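Trainee: I would like to go through the labels used for this model and the cut-offs behind them. Please set each value against its definition.

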Amino acid sequence: MSAHKAKYYKLLGVEINATQQEIRKAYRKLAMRYHPDKNPSKEASLHFLKITEAYEILIGKRVDKREKIVRQHGTTQKTKEDRIKEAQKRYQDQIRKERLENEFYFQSLFVGTKWKIIKISSVIGIIFSLSILCDYFLPRHFNDKTVVAYAKNIHEGGTALPHSIIELNDGKRYWVNKMNYSLYGEFPDVLIEKTWLLHEPVRVHSYQKIQYVPFNIKYTFYSNGYIAIFVFLIPLFVRLYRKRTVYYTFIYHFALYISTASIAFFAINNYHLIHLLSLGWI
């Protein structure tokens, strides 16, 4: 037996004269320790590749490349068919190796800190999505405010409806749809309508002579709630729909970075988390 082949026995921790049953038993024991599902580190993955190669060679499932070299004099020349078979074998080995490496990569997606972040984001994303949906049906808060400044005739585009910015006496600014001068010049006192749970601004109500005139507030989480819900639920999709594809990998990283960042921003923006924990009373 060559010294090169002896290293495979050493990798598996068995004697050179070990039986195939002993080789299989040793491999299973090492695989439980170094398989990516049990140990996601890069070093463990590389060692798993080595012990897998040693195991397959020792049980005859794979041929050691060095064993293929013909040592007898006069038989060193390889036929064309031999070269074709060896090339095919190398190709199959490469395909098998790539599949194994891909499997290690996808297994690594579902363990460790990143996967924990996605699981936490999926739960919080569901809670925030439900809170946004509930706010469409729950009663509203109304706060007395005064408009102290505004800019009119601001457009989104050439054919879009005019949108203006108002500034209230508490320093907050809102984009308002179809505002006119009377809101600031004649009737500066207004009511700000907000959702119950998250306190998201919805409308500005201006009391003009005999009635309140509502002006819709634009560019808030409430006015773009369907987009926020879609982004917040992507981590849940990633948890439920595990596929080994390029598209899934893209969605996975979108959920990890974009969705998680959006959820964190939503939690701290406008004190949403505090409002939600108090069920809208604070």
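Trainee: Which helix gives the largest share of the nonpolar patch?

Mentor: Helix α5 (residues 112-135) does, with three residues. Helices here are DSSP runs of H or I with at least four residues, strands are runs of E with at least two, and both are numbered from the N terminus. This is a predicted model, in which local features need pLDDT of at least 70 and side-chain atom pairs count only at pLDDT 80 or more, while totals for chains, interfaces and linings use all residues. Residues are numbered from 1 along each chain as its sequence is written, and side-chain values use heavy atoms, with hydrogens and water left out.

Trainee: What makes a nonpolar patch of I126, L130, L133, Y136, F137 and L233?

Mentor: A patch takes residues with over 30% relative accessible area and no salt bridge; nonpolar side chains (Val, Leu, Ile, Met, Phe, Trp, Tyr) are joined within 5 Å, like charges within 9 Å. Together the six named residues have about 570 Å² of accessible area, by the Shrake-Rupley method with a 1.4 Å probe, where for residues only the protein chains shown count as cover.

Trainee: Why is L233 called partly exposed?

Mentor: Buried means under 20% relative accessible area, exposed over 50%, and partly exposed in between (1.4 Å probe, protein chains only). L233, in helix α7 (residues 225-240), has 33% relative accessibility, so L233 counts as partly exposed.

Trainee: Why is the contact of E193 with R140 called a salt bridge?

Mentor: The term needs a side-chain nitrogen of Lys or Arg within 4 Å of a carboxyl oxygen of Asp or Glu. For E193 and R140 the closest N and O atoms are 2.7 Å apart, so the pair meets the definition. E193 lies in strand β4 (residues 189-195) and R140 in strand β1 (residues 140-155), so the bridge ties together parts 53 residues apart in sequence.

Trainee: Which other residue forms a salt bridge with E193?

Mentor: R203 does, with the closest N and O atoms 3.0 Å apart. R203 sits in strand β5 (residues 201-208), ten residues from E193.

Trainee: Are E193 and R203 buried or partly exposed?

Mentor: E193 has 6% relative accessibility, so E193 is buried; R203 has 28%, so R203 is partly exposed.

Trainee: How do you know that R173 is exposed?

Mentor: Its relative accessible area is 60%, so R173 is exposed. R173 forms a salt bridge with E167 at 3.5 Å between the closest N and O atoms, and E167 is partly exposed at 25%.
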